[in-house]
Amino acid sequence: LKDANFYKEAHSIFKSGINICSRLKDLFSSLGKANLCVKKAHKRISELEKQDYRLTAAYGYWLLYPAYSAIKLSQKYYDGNLFTVSRGHGFDLYEYRANNRYLPCRQYILGKLSEIALISEDGKKYLEQTYTNIKMNISIKRLGAKDVGSMQCATKGDTLRIVSCARLVPLKRIDRIVDSLMTIKDYKVEWTHIGGGTLFEDIQSRARNLPDNIKCEFLGTIPNTEVYRKYMESQFHVFINVSESEGVPVSIMEAMCFGTPIIATDVGGVSEMVDQGENGFLLPKNFDIIELADYLTKIYEMKNSEYQKAKSRALWLIDYAEQTEKGLYDKLVRAGFDKRICAEVIKRVKHAGLINDEDYAERYAERCSENGISKKEAVYKLIAKGIKKETAQSAAEKADFDENSQIRMLIQK
């Protein structure tokens, strides 16, 4: 109760007149956790500083009490001079998704952080449109999933293998998948769901009423390594996410890195990953179960599934790191795709402006000049990456190579 922000925030809660008791409880809990976190962090940091470590930044993974802790740590022990940054995802970002539609000290946190690192453009848009009175430094720092390397393409047969991965809670609406599968009569489906939750038994019970052509497997909560193993071994044809609200789901990213097409609701930042009709399909937030069934049938009847998987894989590789045309082509070939398909994918993503060897070469040459690498070596490295000699030389000429300073750097080493 020594925290002055408690009284300021409590005054705002009373003034709003909305869920006063519940919101005060959330506020008290959040600030209590934050102040305890600050004490523990300072104790640990003090020990490190005795070993000549110097703290320059404080980072919170959630835009809740961890972010508040970073701010208070800076103010209390470092005269506000720490660079404070926090990520923002989904439930910790969108106030309408929170319990009581309230996130403690929201405006204070947003206004005091040095940087707010969000995982989606949708989140950035939400903050900018909701808190117009607050000056915020917002950046986009996406999450990711492990690159799984080589993989085999899922083979088409008389059975459509689908997978979903989510907590079994109302927000995720897994019951809509059950209802949609109930309408499919003309082909066989094997549905695997990964994830547990309060609705586990209820969803299992509903699934028992599915027609005989639909087989279900509920794995519950399993380690991430087991999720990856399941994706690798089962070679699913499609991943489904029908959540009512999202940030940028890591579950979708993980499925994409196995080249699995996606069917998902167009909420949050999902459309930033799913390219309609290319690596999957987007459903409206309040979709009809027949719409989902129609997309499943479309994927079942799709003959060139290898192209879909290669495209999904290509988009994953581009997002994972900067790529040259040759680098991306080689990775797709090593992943087991037909060379004709790989060439077509490169043509498509190049036309869409997702890869550009000239831009890549210029950025790479500039980094080389900044790190003391000679112009000649930069050209050699670019050629080795598959960049044409003329393009590499042109990029090196545009970069600011100071040979004298590079010699001095080598001497100092």
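## Burial in this model

A residue is called buried when its relative accessible area is under 20%, exposed when that value is over 50%, and partly exposed in between. The structure shown is a predicted model.

## Cys105

Cys105 has a relative accessibility of 2%, so it counts as buried. This cysteine sits in the loop between strand 2 and helix 4, the latter spanning residues 106–112.

The backbone of Cys105 has a positive phi of about 55°, although the residue is not a glycine.

## Asp79

Asp79 is in the loop that runs between helix 3 (65–77) and strand 2 (83–88). Is Asp79 buried or exposed? Its relative accessibility is 71%, and therefore Asp79 counts as exposed.

Phi of Asp79 is near 55°, which is a positive value in a residue other than glycine. Positive phi values are thus found at Asp79 and at Cys105, of which Asp79 is exposed and Cys105 is buried.

## Ser180

Ser180 belongs to helix 6, which covers residues 174–181. With a relative accessible area of 0%, Ser180 is buried.

Which residues does Ser180 touch, leaving aside those up to four places away in sequence? They are Ile289, Leu292 and Ala293. With Ile289 there is also a polar pair: a polar atom of the Ser180 side chain lies 3.0 Å from the backbone oxygen of Ile289. That distance is within the 3.5 Å cut-off for a polar contact.

Methods: Residues are numbered from 1 along each chain as its sequence is written. This is a predicted model: local features need pLDDT of at least 70, side-chain atom pairs count only at pLDDT 80 or more; totals for chains, interfaces and linings use all residues. Side-chain values use heavy atoms; hydrogens and water are left out. Helices (H or I, at least four residues) and strands (E, at least two) are DSSP runs, numbered from the N terminus. Buried means under 20% relative accessible area, exposed over 50%, partly exposed in between (1.4 Å probe, protein chains only). A polar contact is a pair of N or O atoms within 3.5 Å; within protein, one must be able to donate a hydrogen and the other to accept it, and residues adjacent in sequence count only if both atoms are side-chain atoms. Contact means heavy atoms within 4.5 Å.
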